Amino acid sequence: MSRTPSTARRLTAYAAVLLLAAAAPAAVDPPAAGAAADPVTVTVNARAGLATVPDTALGVNHAIWDQHLGSTETSDLLRAAGVKMLRYPGGSYADIYHWRTHTAPGGYVAPNTDFDTFMAAARRVGAQPMIIANYGTGTPAEAADWVRYANVTRGYGAKWWTVGNENYGNGHYGSAWEADDHPDKSASQYARLVVEYADAMKAVDPSIKVGAVLTMPANWPDALTAGADPGPWNQTVLSLAGPKIDFVDVHWYPGGTAAESLARTAHLPDAAWLLRQQIARYAGPDPGRIGISFTELNVGAGQNTQPGALFLADAYSGLLEQGVFTVQWWNVHNGIGTVSEVAGQTDYGDFGMLSSGGCTADGSICEPPFNTPFAPYHGLSMMNLFARAGDQFVRAGTDQPLVTAHAARRPDGSLAVLLLNKDPDTAHPVAIDYAGFTPAAEAPTVHTLVNGASGVATGRSGSATARTLPPYSLTTLVLRPAGTADGRPGAPGRPTAGAVTDRTAALSWPPAAPGGAPIAKYEVYRQQGAVSEQLGETAGTSLTVGNLDPGTRYTVNVLARDTAGRVSWSSPPLTFATGSPAASTCAVRFSKDTDWGNGYVATVEVVNTGPSAIDGWTLTWTWPTGWQQVSSGWSANWSQVGTEVRVTSTPDNRRLAAGGGSTSAGFVGAYSGPNVLPGVFRLNGAVCTTR
């Protein structure tokens, strides 16, 4: 298994990139762009509410090899971009860093980077700190002393503390980049010590939040089990430490070309779903209290150019829509890497958001002057203009994979729409349709970041329903509503689901506060992409919805309508999955035997539970995503078309006796994104019970 892409970045000696560039490279004109003939259809559904933007949403990483970590210039730039959370002391350095002596044996520590300097910078930025306690070479007592110094001695009120960084990279799974002095490097030992860290740290300050390191679904070493651990890393850590932690900490470097990285943001809803499923299954009582943070993100190509900006805005939006409480870019300053040209612009291979001002080893190419913002900085600035704390994300979608849309509804009733054109060569006209929102008949405020620009341009132009997106561009429209929202009822609370079966779910929710008139009824909607489908309505605060499909994921919202016809904002979303029938004429057991992170061997057992024998059978299922497939199979005839899998009997196993006759077949599965297993199986057309 190869080392993770974050390894070399954060072990770079920052001293090597402190030389200021003698001159910035000459600007390169972007390539000439064509224009698509047919407009892309964009749908924005203000009735389909997603998560609310938290006050910790926009984050970045600081590192102790950066002597400008606490400078006024750096802090002012981060404040201007809307940064609200800063992570310290920097990736893998956290597992060799001793805060009291401000040393990191084996690593470079720059001057002016101690904890007090960092906290002064965080306050200047207006950001909350997220601090990484040293797991690799530290102790629970050392971490507790840090909490005491921060919150008792200095009164900083530092709330968020993570135990370690990428500790699965300690050699337990074969690759070793993360320092770990413990003789036992298992996931079980990490989890046991997380409990000790949490107990020691909270004994000093019970108000703090302690997080544990998990891995991203479908990213190494997800699904791997090593040594005597009871399961893969996430399962083991959650099972043992879940009751003691308040959040989990995940990193994501999608890798690949610029185009591949930009396409992989489509993985985020399923990745968030799997993380929450793991937390719910393994973390013990009240798993909903455990938050999710993504504290390192970056692309594999185009780090300083427009792919970085596009990926940042798309990934931050996609994760925050799913209720992640902070997303943090790697890094503020990092250093020059492999220089290339991306879409007509010079890319320095620098994982920093701001230029380090350094040159290549031979001095032939230098970055622009120190602290010159790179494209991801402008992407973060765009996020600050698009989604503000207290806004509620709502569903938005398009019919063109190279054009992505996100939207957020603001407390004043206005709506912000973020449009991303990931096509480096072609301008795409868009036609925007709105549901649950009527824009005012005026030119919207428009924020635009085009390829090669030195910042976000702002003006008022065009209409709310039509726009042409330049190649490789980010565009935010801010739209005022037609009419007034005065007297509108408040939004209902987040619904919960009980008694979920294969066909029904009992939903309930906290009531909405009346506005200018009494509440007349509540309407329950299912999100179907960017379209809402009404499932029912009631005068009360509970509803059992029926006619659901087995083995299907549902995301629902509740809206309140008053006697004057005014409609509230949507409730926060609820996502649940229906099961399989409790009784059926067939049963299926789907089990993964081995899994290596992008593929696995599985066994499928088919059981005839009906009263009549079966002579010849066909088993079918649908993969939940487009990146899952059957590579090969045995003991049956296997085929796949699109996402549909079809398995048919052979002469040897075609007959299944009544009342329990069974057979098994196996296959090799492959996946290149979150591996969400199928929820429903059909045998000769009948929906089976999943065991």
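# Close-up views of the predicted model

**View 1. Strands 23 and 24 in a four-stranded sheet.** Glu523 has Glu537 of strand 24 as its bridge partner. The model is predicted, and local features need pLDDT of at least 70, side-chain atom pairs count only at pLDDT 80 or more, and totals for chains, interfaces and linings use all residues. Residues are numbered from 1 along each chain as its sequence is written, and side-chain values use heavy atoms, with hydrogens and water left out. Strand 23 (residues 519-528) and strand 24 are antiparallel and share 7 bridges; two strands pair if DSSP finds at least two bridges between them. Helices (H or I, at least four residues) and strands (E, at least two) are DSSP runs, numbered from the N terminus. The sheet is open, has 4 strands in the order 24-23-26-27, and pairs in the antiparallel sense. Strand 24 (531-538) and strand 27 (574-577) are the edge strands, each with a single partner strand, so one side of each has no neighbour in the sheet. From one strand to the next the twist averages 35 degrees (axes are lines fitted to C-alpha atoms, for helices over the stretch in contact, and angles run from 0 to 180 degrees between N-to-C directions).

**View 2. Strand 36 and its partners, strands 29 and 32.** Of the 11 residues of strand 36 (residues 661-671), 8 are buried, so the strand is largely enclosed by the rest of the structure. Buried means under 20% relative accessible area, exposed over 50%, and partly exposed in between (1.4 Å probe, protein chains only). Strand 29 (residues 599-608) pairs with strand 36 in the antiparallel sense through 10 bridges, and Val607 stands opposite Ser662 of strand 36. Strand 32 (residues 628-634) is also antiparallel to strand 36, joined by 6 bridges; here Gly633 has Phe667 of strand 36 as its bridge partner.

**View 3. The disulfide of Cys359 and Cys366.** A disulfide is a pair of cysteine sulfur atoms within 2.5 Å, and the count by this rule is 2. In this one the S to S distance is 1.9 Å. The torsion about the S-S bond of Cys359 and Cys366 is about 100 degrees, so the link is right-handed. Cys359 and Cys366 are both buried.

**View 4. The disulfide of Cys586 and Cys688.** The sulfur atoms of Cys586 and Cys688 are 2.1 Å apart. The bond is left-handed, with -100 degrees about S-S. This pair links distant parts of the chain, 102 residues apart: Cys586 belongs to strand 28 (residues 586-595), and Cys688 to the loop between strand 38 (686-687) and strand 39 (689-690). Both Cys586 and Cys688 are buried. With the bonded cysteines of the protein numbered in sequence order, the pairing reads 1-2, 3-4.

**View 5. The second largest pocket.** Its volume is about 1500 Å³. On a 1 Å grid over the protein atoms alone, a cavity is a set of points where a 1.4 Å probe fits but cannot get out, and a pocket is an open set with protein on both sides within 12 Å along at least five of seven lines; lining residues have an atom within 4 Å of a point. Grid points are joined across faces, edges and corners, and a volume is the space filled by probe spheres set on the points. Of the 45 lining residues, Leu274, Gln277, Asn675, Val676 and Leu677 lie nearest the centre of the pocket.
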